[in-house]
Amino acid sequence: MSNLDVQIASTPQVLAEVLRDTQVPPLDPSRPIIFSGIGTSLHASRVAANWISTMTGGEVRPWAIDAHDLATTAPLRSGDQVVVISHRGTKIFPTTALRRAKEAGATTISVVGRTAPQQEADHTLRTCANETAGTFTVSYLSSLAVLAKMAAQFDRDPELAFTRGVDLLPDSVAQTLTMGEPAHAAATLAAADTILIVGFDKDLPTAQEAALKIKEGAWMWTEAMSPEFALHGTPAGFWPGMAAVIIMPAESDGGRTELLRTALEKLGNTSIPVVEDGTGELAFTSPHPLLRPVTGMVPLQQLTAELARIRGTDPDTMHGHREPWKSVMTELIRL
């Protein structure tokens with residue numbers, strides 16, 4: 001069993017602890033809200049922005065932006081509320097983005113791991129301990145749990161369905177861990193030379209995060225797209241050696257996901273659906289429609305672990321024992 005497997009299995013307990021221990025500062029709906037991060041943390045930023053925009057009917061429109069851009073060229077103002085997500089809290093551009101936001105007079109909030117150094121922020125929210133696998137999983141979902149508590153301030157449902165759903169996330173993740181047969185899905189996908197992962201609307205950041213995990217853990221080139229993007233010009237690059245993972249949408253997307261699945265089939269490409277509350281190799285359950293990005297990521301994390309097992313890759317160190325990757329990635333992780 002890899003450290004990645006252990007981390008994935010620990011998620012329900014870690015989420016319960018994070019949700020219990022986290023007290024989030026208030027956000028002012030009348031002021032701009034900016035979520036920022038790099039890689040995994042950028043995906044979390046996009047999820048959080050979508051939550052708030054959706055729950056307020058678009059009245060509040062947060063901005064999700066790459067921390068590299070926020071640290072260098074993006075405009076910042078004193079009235080902004082800037083939330084920067086990072087795991088270790090040491091990378092150049094998330095820390096620079098916080099510093100730049102503070103210098104502009106913005107309100108700053110840092111979402112970081114428990115062992116990260118003190119951040120230059122007005123508020124620091126801690127998630128989980130450093131992961132023992134280089135292919136981060138539980139820290140992503142921990143960040144989403146903290147951001148979900150933050151977004152719950154904007155829950156305008158009289159029954160507070162989103163807020164109650166956040167409290168149910170540990171149980172929903174635990175249930176999801178027992179669903180489906182990710183090992184079977186991995187057996188189908190392992191021989192592909194490229195994987196396409198597709199997600200619509202709120203599921204697109206999940207697809208993007210899954211593509212990153214498979215690159216890191218199984219060393220397979222994987223692309224993430226929305227169904228509409230995947231239908232425009234992109235099919236010219238489809239070939240029988242590739243495969244696809246399709247996150248089936250919870251809402252109507254105008255038939256585009258089904259159209260894409262048909263096109264893939266006609267071009268000789270295998271596709272595996274990710275289904276909420278259904279049967280199949282990749283399945284999940286969610287306590288609220290907006291919380292799909294949390295639980296929907298779990299079978300794709302499991303898929304990554306199974307692909308790594310079949311392909312004989314090391315999801316714990318990401319080439320950490322092999323040159324030239326060892327030298328190159330050791331240097332990059334500091335930046």
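This is a predicted model: local features need pLDDT of at least 70, side-chain atom pairs count only at pLDDT 80 or more; totals for chains, interfaces and linings use all residues.
Helices (H or I, at least four residues) and strands (E, at least two) are DSSP runs, numbered from the N terminus.

A word on conventions: residues are numbered from 1 along each chain as its sequence is written. Local features need pLDDT of at least 70, side-chain atom pairs count only at pLDDT 80 or more, totals for chains, interfaces and linings use all residues, and side-chain values use heavy atoms, with hydrogens and water left out.

Now to the strands, where pairing requires that DSSP finds at least two bridges between the two.

| Strand pair | Sense | Bridges | Bridge partners |
|---|---|---|---|
| Strand 8 (residues 242-247) and strand 9 (residues 270-276) | parallel | five | Val245 and Ile272 |

Strand 8, helix 12 (residues 256-266) and strand 9 form a right-handed β-α-β unit: with the strands pointing away from the viewer, the path from the first strand over the helix to the second runs clockwise.

Ile272 and Leu282 turn up again around Ala185, which is in contact (heavy atoms within 4.5 Å) with Ile272, Glu281, Leu282 and Leu303, leaving aside neighbours within four places in sequence. Ala185 is found in helix 9 (residues 182-189) and is buried, with a relative accessible area of 0%.

On to the cores, each a set of buried Ala, Val, Leu, Ile, Met, Phe, Trp, Tyr and Cys residues joined through side-chain atoms within 4.5 Å. The largest nonpolar core has 64 residues, and those with the most contacts inside it are Trp51, Leu147, Phe162, Leu303 and Leu307. Helix 6 (residues 138-151) gives the most to this core, with ten residues. Not counting residues up to four places away in sequence, Phe162 touches Trp51, Met55, Ala148, Ala151, Ala152, Asp155, His288, Leu290 and Leu291. A second, separate core has 13 residues, among them Ile34, Val82, Val84 and Ala101.

Definitions and conventions: Buried means under 20% relative accessible area, exposed over 50%, partly exposed in between (1.4 Å probe, protein chains only).
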